[in-house]
Amino acid sequence: MSQMQQAPQKMEQDELSFKELVLKVQEYIQELLRSWKVIGLITMAITALIVFNTLRTPPVYAAKLTFMVNEDDGGGISGLSAILGQFGLGGGSRGKYNLDKILELSKSRKILQSALFETVEIKGNKDYLANYVLTTYDFHEKWEEDTTGLKDFLFDEKSMLLQNKHERKAFRSVYKKIIGSVDEDGLITSRYSKESGIMNLRAETESEGLSINLVNVLYDKLSNYYIQKTTEKQKRTLEVVSQKADSIFNKLESTEYQLAQFKDGNKGLISERARLKESRLQRDLQIYAAMLSEAVKNREIADFSYKNSTPFVQLIDAPFSPIKPQKGSLIIALLLGGILGGGLAVGFVLARKIYRDLMAS
């Protein structure tokens, strides 16, 4: 068959294929029109479900706290640190603060346990933050069938040590609720801006008082712990140098007293043996005086290093009442229900049509 004969035949086949496609589309459209009641029912059912879920979801109170950490690396004391290093007491340079480390600390069990067992006042009642989490999120209802004593469990002063099984189980539940998991967002989030270095803690809970107290207490515990651990080495250096200076000062005072006592007891009686003892006391006095001068200088250097290495954690904005509650939008719920419900309904009708055609062929 020549090419001239093949060309009209190919065009005819393409026209048939296109016609079949148009007819098939028309067939599906007609099926959708015939099934408008099914589509409407499915769409309304899913929309109603989404709206109901939106209405029954309690409002959330978002409390945000921002702060910053001084990024100075303490380079101005490098010479002083070198002097201290000669005596094995150097504090070293701090380097830039690790903001990622602060974020990890904010989620650590040590910091959160310290914060959750802090007593706060909410609506005139004082209790541990951990207990407010238990009651706000109805943990006791979830533990109705629990046989280990969690049904009516609340933390008290003794249970803060987490010594028995049900205390540890309760704390793990609260801790998981705070930091979140793969399937559920936590009540607390923390992040920082790479450009400005400003950090923020954010709490989103169903209680305004709980949200505000969570971020405030967590910030206090986090900043205090970070400052303490960052300056731990420099503080120890200052303590060692101060103890050495005090010890030398005591020896100097003792030698001065011995010399004065010797002179008072040997007036007018200067023997060679007495002169030798006086000479030795004078020599010790000079040595201790020189040592004390050096020790005082080192103590001042260590004190300067300690103060200069102390991080400057500055609170920028703290949350306060009242906080506007955040609740799901009814309009968004209706739109989402319409789109999702309509899509599922159309998919169902088309799938049903395809299945029927396959079974009929």
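The model is predicted, and local features are given at pLDDT of at least 70, side-chain atom pairs at pLDDT 80 or more, while totals for chains, interfaces and linings use all residues. Residues are numbered from 1 along each chain as its sequence is written, and side-chain values use heavy atoms, with hydrogens and water left out.

Confidence is expressed as pLDDT, the predictor's confidence in each residue, from 0 to 100. The mean pLDDT of the protein is 79, with 83% of its residues at 70 or more. Residues 73-80 have a pLDDT below 50, and this stretch makes eleven contacts in the model beyond near neighbours in sequence; a contact means heavy atoms within 4.5 Å. The pLDDT is also below 50 over residues 86-96, a stretch with 26 contacts beyond near neighbours in sequence.

Helices (H or I, at least four residues) and strands (E, at least two) are DSSP runs, numbered from the N terminus. Two strands are taken to pair if DSSP finds at least two bridges between them. In general, strands of a sheet pair through backbone hydrogen bonds, either parallel or antiparallel. The model holds an open sheet of four strands in the order β4-β5-β1-β6, with antiparallel pairing.

Strand β1 (residues 61-69) is joined to strand β5 (residues 199-205) by seven bridges. Across this pair, L65 stands opposite L201, K64 stands opposite R202, and F67 has M199 as its bridge partner. On the β6 side, four bridges join β1 to β6, and F67 stands opposite L315 there. Strands β4 and β5 pair over five bridges. In that pairing, I188 stands opposite A203 and S190 has L201 as its bridge partner. The hairpin of β4 and β5 has six residues between the strands, and in it G197 takes a positive phi near 80 degrees.

Helix α6 (residues 129-136) has seven of its eight residues buried, so α6 is largely enclosed by the rest of the structure. The buried residues are L129, A130, N131, Y132, V133, L134 and T136. They pack against α5 (109-116), β2 (119-122), β3 (125-128), α7 (139-142), α8 (165-179) and α9 (208-230). After α6 comes D138, whose phi is positive, near 50 degrees.

Two packed helices are described by the angle between their axes and the distance between the axes. For helix α2 (residues 36-56) and helix α12 (residues 330-360), the axes come within 7 Å and cross at roughly 145 degrees. This crossing of α2 and α12 is right-handed; a crossing is right-handed if the near helix is turned clockwise from the far one by less than a right angle, and left-handed if anticlockwise. The residues of the contact of α2 with α12 comprise 17 nonpolar, seven polar and no charged. Here Ala, Val, Leu, Ile, Met, Phe, Trp, Tyr, Cys and Pro count as nonpolar, Asp, Glu, Lys and Arg as charged, and the others, Gly among them, as polar.

Helix α2 contains F52, which counts as exposed at 53% relative accessibility. F52 and L330 are 278 residues apart in sequence, yet 9.5 Å apart in space, C-alpha to C-alpha.

Definitions and conventions: Axes fitted to C-alpha atoms, helices over the stretch in contact; angles between N-to-C directions. Buried < 20%, exposed > 50% of the residue type's maximum accessible area, 1.4 Å probe, protein only.
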